[in-house]
Amino acid sequence: MHFLDRLRSAVLDLRGVALLGLLVLGACYLGIWARPTGFFSAFWLTNAMLLGLMVRNPAWAHWPGWLAAAIGYMLADLTTGGAFLTTLWLTASNMAGVLVGVVMYKRVEDKFWRMQRQLSPLYLFCVSISSALASALVGSGAGPVMFHADWYETFWVWVSTEFMNYVLLMPVIFTAPAPARMWRAVAAQRPCWQGWQGWVHMAPVFSVLLAVLAGTLIGGPGAIAFVVPALLWCALTYSLFTTCLLGMLVGYFQTFEIAAGMSTFTPTHMEMVLSVRAGVALLFLGPLATACSHAARSEMLRRLDHAVNFDHLTGAMARGAFMGTGAKLLARMAADAQSAAVLMLDIDHFKQVNDRHGHAAGDAVLQGFARMLAGELRPGDLCGRLGGEEFGVVLPRITRGDALAVAERLCLETRRCEIRGPDGQCLNISVSIGLVHQEPVAADTRLDALLCIADAALYEAKRTGRDRVAVVAGADGTAPLVSAA
Ligand SMILES: Nc1nc2c(ncn2[C@@H]2O[C@H](COP(=O)(O)OP(=O)(O)OP(=O)(O)O)[C@@H](O)[C@H]2O)c(=O)[nH]1
C-alpha cells in the first residue's frame, strides 16, 4: 500500500477508535448520572453498547479499541470523584463482561449476531448471561468495599442488571440499519404511513401502548407479560430493528415503572427486583424469536421471488415476470388512454461471439448489454430477457417519435458498448430492434400480440442489414413496415 494511503487509513482508524472512546465516556456519564446514591447504577448501558459495537464493527475489537474503551471508563469515573483503584477495578469488571461476549460472538458466524438465525435469540441469551456473570464475578467485590453492601446481594443485582441491559440493548445495535440505509428504508416505508393505511400500520404500536397501560392499571406480578401479544404482533408486522427498538423501550419503561413505584406491584425483597429484571428481559426473547423467524422467512421468500422473476445471468426481468408486468402496464395505459411502445431487441451475430470467443464471452456480452439497457431506460420503462440473446422493452407514455429516438439511441449505445470478455478481449456488438407503437393503447391490446408484431419488424431489420431499427406503421401489424432506420 502507498505510504499516503496507509497514513489515511491509520487516521481513519484513529478517528473510529476515538469515537468509540467518546461513546463509552458518554454512556458512562449517563449511567453515573442515573446512579442511586450508595449503590451501583441500574441504568448502565455502557457494557451492552460496547459489546454490541465491537461485535458489529470487528475493526474496533483490537487493542486500540479496547484501550480507548478503557480510557473512556476510567475518565468517566475519575472525573466524577472515583478513587483510582476502585475505578480500575470497576473498569476491569465492565471490560471482562464485554470481552467474554466478544469472544463468544467471534466463535460463531455473523448471521448469529445479525439475528438472521433461528437460534440467534437463544445465543443472545447465552452471551448475555455469560457476560453478566463474568462481569459480576470480577466486580461484585467492589460492593462491600465501596458501599458496605452485602456481596451476595451485589453479585445478583449486578448479574440481573447486566443481563437485562445486554438482552434489551444489543439486538437494537445489531439490527440498526446503517444511517444511509435507514433513510432509504424510511423513504420506502413512507406510503405505509400515509392516510388511513398509516393508522392501520400503526395499530401494533397502539396495541403495545394499550398493553403497557393495562399492565400499569391492573398491576400485579403478571402485568409485565401483558405486552407479549402486542410485541408478537409488532414482530410479524415491522422490521426486526423496529421490533427490537419497541421491545427495548417497553423493557426499560417497565423496569423504571416498577423501580419508581408507579406500578401497583412493588417488589418487597431484593429477590423480587432481580426476578422482575430477569423476567422483563426473558419475556422479550419470545417476540424477538418470532421477529427473527419472520425476518428469515421474508428474506427467503424475497430471494425465491427474485430467483423466479429475474434472470440469474443478466439480472434483467425473466420472461414470465416481464410478460405479466408488461400486460398490467399496457392495461393501465389503455385505461388512461395513454400511448405505449413495445420493442423487440436481438443482438446481431451473437452465435459468432460464442463460436469465436467461447460461451463465457457470450455470457459477458449478454450481461454488458443488459447493463447498458438498464442504464439507458427511464425508471418507469420495463425491460426483460425473453430468451437467448433476445430482449423485450415496454415504453409507457411515449410518442412515436420519442420511441423511435429511444430505439435508435439503444442501437448507438450498443455499438459504443465496451464489453470485456473473460480474457480481457474487447467484444464489439450491434443490435437489431423491431418497434411497434400504439396511441392510445387499445383496450383489448395484448402484450404477446404486440411482441409478435415487433418481432416481424425485427425480422425486417435483420433482413435489411442488421444494426438498425424497423418500425411497424400500424399497431395491428397489418400495415406495411414504413421505416428501417
Ligand atoms: N453465451 C450464451 N449463449 C447463449 C445463451 N442463450 C442462447 N445462447 C446462444 O445464442 C445463439 C443465438 O444464435 P442465433 O439465434 O443463430 O442468432 P445470431 O447468431 O445472433 O444471429 P442473428 O440473430 O441472425 O443476428 C445460440 O448459439 C445460442 O446457443 C446464453 O445464455 N449464453
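**A helix crossing and its surroundings**

Guide: Helix 6 passes helix 8 in a right-handed crossing, a term for the near helix being turned clockwise from the far one by less than a right angle. Helices here are DSSP runs of H or I with at least four residues, numbered from the N terminus. The model is predicted: local features need pLDDT of at least 70, side-chain atom pairs count only at pLDDT 80 or more, and totals for chains, interfaces and linings use all residues. Residues are numbered from 1 along each chain as its sequence is written.

The axes of helix 6 (residues 120-139) and helix 8 (residues 151-175) come within 8 Å and cross at roughly 145 degrees; axes are lines fitted to C-alpha atoms over the stretch in contact, with angles from 0 to 180 degrees between N-to-C directions. Contact requires C-beta atoms, placed from the backbone, within 7 Å. The contact divides into 13 nonpolar, four polar and one charged residue; Ala, Val, Leu, Ile, Met, Phe, Trp, Tyr, Cys and Pro count as nonpolar, Asp, Glu, Lys and Arg as charged, and the others, Gly among them, as polar.

Leaving aside neighbours within four places in sequence, L51 is in contact with residues including S131, Y166 and M170. L51 is also among the residues with the most contacts inside the largest nonpolar core, which has 72 residues. Such a core joins buried Ala, Val, Leu, Ile, Met, Phe, Trp, Tyr and Cys residues through C-beta atoms within 7 Å, buried being 20 or more other C-beta atoms within 10 Å. Helix 8 gives this core its largest share, 13 residues.

Note on methods:
Helices (H or I, at least four residues) and strands (E, at least two) are DSSP runs, numbered from the N terminus. A residue is buried if 20 or more other C-beta atoms lie within 10 Å of its own, exposed if 12 or fewer, and partly exposed in between; C-beta atoms are placed from the backbone. Two residues are in contact if their C-beta atoms, placed from the backbone, lie within 7 Å.
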